[in-house]
Amino acid sequence: MSSEALKRAVMDALSSVVHPHTGDDVVASGHVQKLEVEDGGRVRFSFLLKTEDPGALIKHARSAAEGVDGVTEVKVNVQLPQAGSAGGAPSASGGGLKPGSVPAPTPRPGLLSEVDHVVAVSSGKGGVGKSMVATNLAAALAAEGLRVGLLDADIYGPNIPRMFGETRRPRVTGDKGKEMIEPLEAHGVRLMSLGFLLEDEQPAIMRGPLIAGILKQFLEQVDWGPLDLMVVDMPPGTGDAQLSLVQTIDLDGAIMVSTSQAVATGDVRRGVKMFEKVNTPVMGVVENMSGYICGECGTEVDIFGSGGAERLAREMGLDFLGRIPLDPAVRKAGDAGRPTVTSAPDSPAGKALSEMARKVFTALRADGAKVPA
Ligand SMILES: Nc1ncnc2c1ncn2[C@@H]1O[C@H](COP(=O)(O)OP(=O)(O)O)[C@@H](O)[C@H]1O
Ligand SMILES: [Mg+2]
């Protein structure tokens with residue numbers, strides 16, 4: 001087929017993708033721009049994603065183009081609106097990942113296009129085990145042979161390096177002006193964290209609006225390579241910074257982590273609302289530190305209470321992804337810089353975490369991420 005004919009076929013396929021809110025197809029609505037078809041069936045186009053658009057639209061457009069006979073490769077250059085996005089001023093070419101530097105004006109094309117699924121792990125407040133859950137979700141699925149990345153987006157308290165026992169500094173490769181950062185690989189997971197780039201004693205004091213900018217650079221200037229799944233450890237809370245972050249990343253879904261008693265503060269509800277606002281499906285709720293299993297006698301002791309997060313999930317019509325007990329194995333694994341699912345797979349928490357990871361991936365595979373009503 002000639003490139004012209006292939007281009008028409010791709011355009012037709014893209015016209016079948018309909019915006020869930022407006023009912024218009026993404027070609028007619030101007031979301032798809034600059035469609036080019038090169039020899040050998042390589043397709044590229046820009047996708048203009050407005051704030052209110054669901055990120056999944058891009059995925060649907062990509063699949064539509066990939067489904068056309070003769071297409072060998074699809075690259076999507078996602079364009080985000082400039083107004084209201086963090087920073088906005090163009091960075092010097094190449095930028096470099098310095099805390100406080102401004103985001104590049106448009107995302108570098110084709111990077112996250114190699115990532116099949118992106119899932120955020122979020123919590124209303126800190127200290128509930130969000131990073132622990134993100135770490136073990138990533139490590140469990142990597143251990144099953146998936147290609148997994150973990151992006152530590154909690155720039156206030158980046159603790160992914162510690163949880164993976166990773167103290168190296170990432171390498172920078174590529175020509176001047178096109179430098180890329182190589183993620184570090186630990187326990188089978190490709191990692192990027194601001195913690196790798198900051199000096200230990202340097203406080204990560206950054207104002208909210210900068211978060212999305214730094215994160216955008218993590219998406220654009222980190223050479224993630226092809227991944228089946230990227231897990232994003234979100235900063236706690238539901239403020240503007242978190243909101244702009246979830247608008248920056250094309251998320252397939254979000255997982256909320258809470259303890260039983262933290263449910264009472266309403267933070268989880270606010271978190272769910274935030275994701276609904278940007279049309280990111282909440283895939284479910286994890287209840288962490290749910291009961292303590294006595295190491296001596298094996299009996300369960302209900303220290304902080306349990307069941308609160310599960311009840312909330314039911315009330316809100318969300319899936320419940322499991323209860324992770326308070327377990328000394330988790331602390332030991334954390335201290336040793338090793339994920340619980342691989343260092344203590346038979347511990348009560350290790351088992352619960354593996355089960356949770358399997359549920360999450362099954363949901364994604366089924367293209368599961370349920371769309372909120
Ligand atoms: N189920 C658990 N059992 C024992 N310790 C836990 C458990 N979940 C988390 N922790 C510990 O509690 C602390 C806070 O967890 P973390 O994942 O860092 O929370 P967050 O990222 O939400 O701030 C960490 O030291 C972690 O190892
Ligand atoms: Mg954390």
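Modeller: Let's start with polar contacts: a polar contact is a pair of N or O atoms within 3.5 Å; inside protein, one must be able to donate a hydrogen and the other to accept it, and residues adjacent in sequence count only through two side-chain atoms. This is a predicted model, where local features need pLDDT of at least 70 and side-chain atom pairs pLDDT 80 or more, while totals for chains, interfaces and linings use all residues. Residues are numbered from 1 along each chain as its sequence is written, chains are lettered from A and ligands numbered from 1 in the order written, and side-chain values use heavy atoms, without hydrogens and water.

Colleague: Thanks! Which side chain joins that of threonine 259 in a polar contact of 3.1 Å?

Modeller: Glutamine 261 is the partner, side chain to side chain. The threonine 259 side chain also has a polar atom 3.1 Å from the backbone nitrogen of alanine 262.

Colleague: Where is threonine 259 found?

Modeller: Look in the loop between strand 11 (253-258) and helix 8 (267-277). Helices (H or I, at least four residues) and strands (E, at least two) are DSSP runs, numbered from the N terminus.

Colleague: Does threonine 259 count as buried or exposed?

Modeller: Buried means under 20% relative accessible area, exposed over 50%, and partly exposed in between, with a 1.4 Å probe and protein chains only. Threonine 259 has 6% relative accessibility, so it counts as buried.

Colleague: On to the strands. Which way do the residues of strand 5 point?

Modeller: In a regular strand, side chains alternate between the two faces of the sheet. Here Val148, Leu150 and Asp152 point one way from strand 5, and Gly149 and Leu151 the other way. Both sets are buried, giving 5 of 5 residues for strand 5 (148-152).

Colleague: Which strand do 5 bridges join to strand 5?

Modeller: Two strands pair if DSSP finds at least two bridges between them. Strand 9 (189-193) runs parallel to strand 5, with 5 bridges joining them. Strand 10 (227-233) pairs with strand 5 too, also in the parallel sense and over 5 bridges. Next along, valine 148 stands opposite leucine 229 in strand 10.

Colleague: Why is strand 10 largely enclosed by the rest of the structure?

Modeller: Count its residues: 7 of the 7 in strand 10 are buried, so the rest of the structure largely encloses it. Strand 10 also pairs with strand 4 (115-122), in the parallel sense over 6 bridges. There, valine 115 has leucine 227 of strand 10 as its bridge partner.

Colleague: And the ligand: how many residues surround ligand 1?

Modeller: The shell gathers residues with a heavy atom within 4 Å of the molecule. It has 15 residues, and Gly127, Lys130, Ser131, Met132 and Asn288 are the closest. Helix 3 gives the most, with 3 residues, while strand 12 (282-293) and strand 14 (320-326) each supply at least two.

Colleague: Which residue has a backbone N or O atom 2.8 Å from an oxygen atom of ligand 1?

Modeller: Lysine 130 has one, and a polar backbone atom of methionine 132 is likewise 2.8 Å from an oxygen atom of the ligand. At proline 325, a polar backbone atom lies 2.9 Å from a nitrogen atom of ligand 1. The protein covers 81% of the 560 Å² of accessible area that ligand 1 has on its own, by the Shrake-Rupley method with a 1.4 Å probe.

Colleague: How many residues of helix 3 are buried?

Modeller: Of its 14 residues, 13 are buried. After helix 3 comes glycine 145, with a positive phi near 100 degrees.
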